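I opened the notebook to write down what I looked up in this structure. The entries follow the order in which I went through the topics.

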Amino acid sequence: MAFESFSEFLAMGKHGFYIWLSYGCTLLILLVMAVNSMRQPQQQLHKIRQRLQREQQLKAYQQRKAEKNKPAQSQTNSGEVV
């Protein structure tokens, strides 16, 4: 081994703080990226479900609105002579 003791290995010739800090930052970034990669498909599915639900609610609202307006229009035009 190039180092005489474990403490010298950690010190890395007075550059240990920067070396271990860079390793720690790199590991943290890789972990965050891995977690985001695992969560992203679930989030996309959730957004798709919400969008489909909103579209279904809008379609149902439009149908109810059309049904309300339909009888009112047929009554006004049914007995009139133009």
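**Entry 1: a loop residue.** I began with Met 12, which lies in the loop between α1 (6-11) and α2. The model is a predicted one, and I keep that in mind for every value below. I looked up the backbone angle of Met 12 and found a phi near 50°, a positive value in a residue other than glycine. For background, I noted that most residues other than glycine have a negative phi.

**Entry 2: another residue of the loop.** Lys 14 also lies in the loop between α1 and α2. Its phi is positive too, at about 70°, although Lys 14 is not a glycine. Is Lys 14 buried or exposed? I found a relative accessible area of 79% for Lys 14, so it is exposed, given that exposed means over 50%.

**Entry 3: the chain as a whole.** I counted elements next and found two helices and zero strands in the protein chain. The chain has 82 residues, and 2% of them count as buried. I then looked up the surface: the protein chain exposes about 8,100 Å². Carbon and sulfur atoms supply 61% of that area.

**Entry 4: salt bridges.** How many salt bridges does a search of the whole structure find? I noted one. The side chains of Arg 51 and Glu 55 meet in it, with 3.3 Å from N to O. That counts as a salt bridge because the cut-off is 4 Å. Both residues lie in helix α2 (residues 16-78). Arg 51 and Glu 55 are four residues apart there, which is about one turn of the helix.

I also checked how open the two partners are. Arg 51 has 53% relative accessibility and counts as exposed. Glu 55 has a relative accessible area of 41%, so it is partly exposed.

**Entry 5: a nonpolar patch.** I searched the surface for nonpolar side chains that group together. Phe 6, Leu 10, Trp 20 and Tyr 23 form a nonpolar patch there. Together they have about 460 Å² of accessible area.

**Entry 6: aromatic pairs.** A pair of aromatic rings is described by the distance of the centres and the angle of the planes. With rings paired if their centres lie within 6.5 Å, the count comes to five aromatic pairs. One of them is Phe 3 with Phe 9, whose ring centres are 5.5 Å apart. The planes of Phe 3 and Phe 9 stand at 70°, so the pair is edge-to-face. Phe 3 is partly exposed at 27% relative accessibility, and Phe 9 is partly exposed at 27% as well.

I wrote down another pair, Phe 17 and Tyr 18. Their ring centres are 5.3 Å apart and their planes are at 75°, so this pair is edge-to-face. Phe 17 is exposed, and so is Tyr 18.

**Entry 7: the ring cluster.** Which residues do ring pairs link into a cluster? I listed Phe 3, Phe 6, Phe 9, Trp 20 and Tyr 23. Of these names, Phe 6, Trp 20 and Tyr 23 were already in my notes as part of the nonpolar patch.

Methods: Residues numbered from 1 in each chain as written. Predicted model: local features only at pLDDT ≥ 70, side-chain atom pairs only at ≥ 80, totals over all residues. Heavy atoms only, no water. Buried < 20%, exposed > 50% of the residue type's maximum accessible area, 1.4 Å probe, protein only. Areas by Shrake-Rupley, 256 points an atom, 1.4 Å probe, with all protein chains shown as cover. Patch = residues over 30% accessible without salt bridge, like charges linked within 9 Å, V, L, I, M, F, W, Y side chains within 5 Å. Phe/Tyr/Trp six-rings, centres within 6.5 Å; stacked < 30°, edge-to-face > 60°.
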